[in-house]
Amino acid sequence: AMFDTFTRGRATIDVGLRYDRQWGSALPSQTTSNIAFPDLVPGIDFAGYRTPFTWNTISPRLGLTYALDESSKTVLRTSFSRYAGQIESSIAGYMNPSANSGFVDYRWVDTNGDHFAQPGEVLISQGSISFGGGFDPANPTSVESADQIDPNLKPAVTTSFVAGVDREVMPNLGLQVNYSYTRTTDNNENFTYFYAPWVGITAADYAPGPAVTGTLPDGTTYNVPTFIPNRSIVSANGNATILTNWPGYVSYYHGVEVSLVKRLSNRWMARVGFSLNQARETYGDNPVNDAGNPTRVDTSPLVNGGQYVMRSGGSGTGDIFMSAKWQLSANGVYQFPHAIEVGASLFGRQGYPFPVYRAASLGVDGSRRVLVTPDIDTYRLANLWDLDMR
């Protein structure tokens, strides 16, 4: 990385350039066999591997600050940056059979009525319903993952532009206004910009599944189509998924921030900040979800220009869909005699999206949460307000 700062008159220029070379490895490891199904899930002696790709990226930075007056009471600022995402263990280990949770769904009959599946009650001979995580139902005892990593996988590339003005309104009182724009393409470290379709599957290989129908809370009816991949083509290509870049997917953001800061003087201080945010996403001309399936799901609404939403991780029982279009933060302190201070803090934001979805079986894609509202944020939770005083 190289950085430098140049100052001339009222202008200050910051210039930077960063070079990154990234790759990863899955180290050798061993696992024991499954106690109940040792013939189906044997132990693994994993030899390890190096990622089939190496990322070489250059990230430039450029910033300009200019004072409009000699006393620097009004300062203009702008910056441009471009940077690449970093490799996480989940990317490097995508085809590591000893680290990922490979799974397969089989039918079973509770012959003894104890509500638990014993090995003799699992109907393996009838074939699997769905599978994933590198498990190959055609070769169930394989100690290698069926999944693949695209050797041409690219990192996320985010371009960011910020412009703003700082103004000293009066002594100890400053106003700041900023505009921000970001655009991210390809893929990034939290899997947002890449997907894992079945190897060899195209849009023509999806057959219509059962439509999901019903009525929304406002009385509107819905009829959402679903799609199921051709299992024979999936099997012919080794029952493998491939971690690759998500074609056509782009997220972008417009934001305006306004803040007013009163420094401590005359026994009081205060800060007020407000922001308007427009986080959007687009899927291109042929929208598909994060599994390459054209079915709309809660993590991939498939709405070009729709709201960009991050879903929290975990088991899924308490998901939070994080995306607010506005946010407010204010706090202040007043100093009374006898070393007594009184302070308050107020925080508010728009309620997060509350998507309505229905679970549907999509063949070898398993059970997915099909989005039945027109947009991910058609419904939102109540606005959040939090006031603290002391």
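These legends accompany a set of views of one predicted protein model.

**View 1. The whole chain, before we zoom in.**
Let's start with the overall build: the protein chain has two helices and 29 strands. Its C-alpha atoms fill a box of roughly 80 × 50 × 50 Å along the principal axes.

**View 2. Surface and charge of the protein chain.**
Here the accessible surface comes to about 21500 Å², and carbon and sulfur atoms account for 57% of that area. Of the 390 residues, 37% count as buried. If you are setting out the charges, you will find 28 positive and 34 negative side chains, with the centres of the two sets 12 Å apart.

**View 3. Strand E13 and its two partners, E12 and E20.**
Strand E12 (residues 157–170) pairs with strand E13 (residues 173–185) in the antiparallel sense, over 13 bridges. Within this pair, look for Ala 163 opposite Tyr 179 of E13. E13 also runs antiparallel to strand E20 (residues 250–265), joined to it by twelve bridges. On that side, Leu 173 stands opposite Lys 262 in E20.

**View 4. The turn between E12 and E13.**
Two residues lie between the strands of this hairpin, and Asn 172 takes a positive phi near 70 degrees there.

**View 5. Ser 72 in its loop.**
Ser 72 sits in the loop between strand E7 (55–67) and strand E8 (74–84). Its phi is near 60 degrees, a positive value in a residue other than glycine. Ser 72 counts as partly exposed because its relative accessibility is 41%, between the 20% and 50% cut-offs.

Asn 266 belongs to the loop between E20 and strand E21 (268–282). Phi of Asn 266 is positive too, near 55 degrees, and this residue is again not a glycine. With 67% relative accessibility, Asn 266 counts as exposed, since exposed means over 50%.

Finally, find Met 310 in strand E23 (residues 310–311).

Conventions. Residues are numbered from 1 along each chain as its sequence is written. Side-chain values use heavy atoms; hydrogens and water are left out. Helices (H or I, at least four residues) and strands (E, at least two) are DSSP runs, numbered from the N terminus. Buried means under 20% relative accessible area, exposed over 50%, partly exposed in between (1.4 Å probe, protein chains only). Accessible areas come from the Shrake-Rupley method with a 1.4 Å probe; for residues, only the protein chains shown count as cover. Lys and Arg count as positive and Asp and Glu as negative; His and the chain ends are not counted. The place of a charge is taken as NZ of Lys, CZ of Arg, CG of Asp or CD of Glu. Two strands pair if DSSP finds at least two bridges between them.
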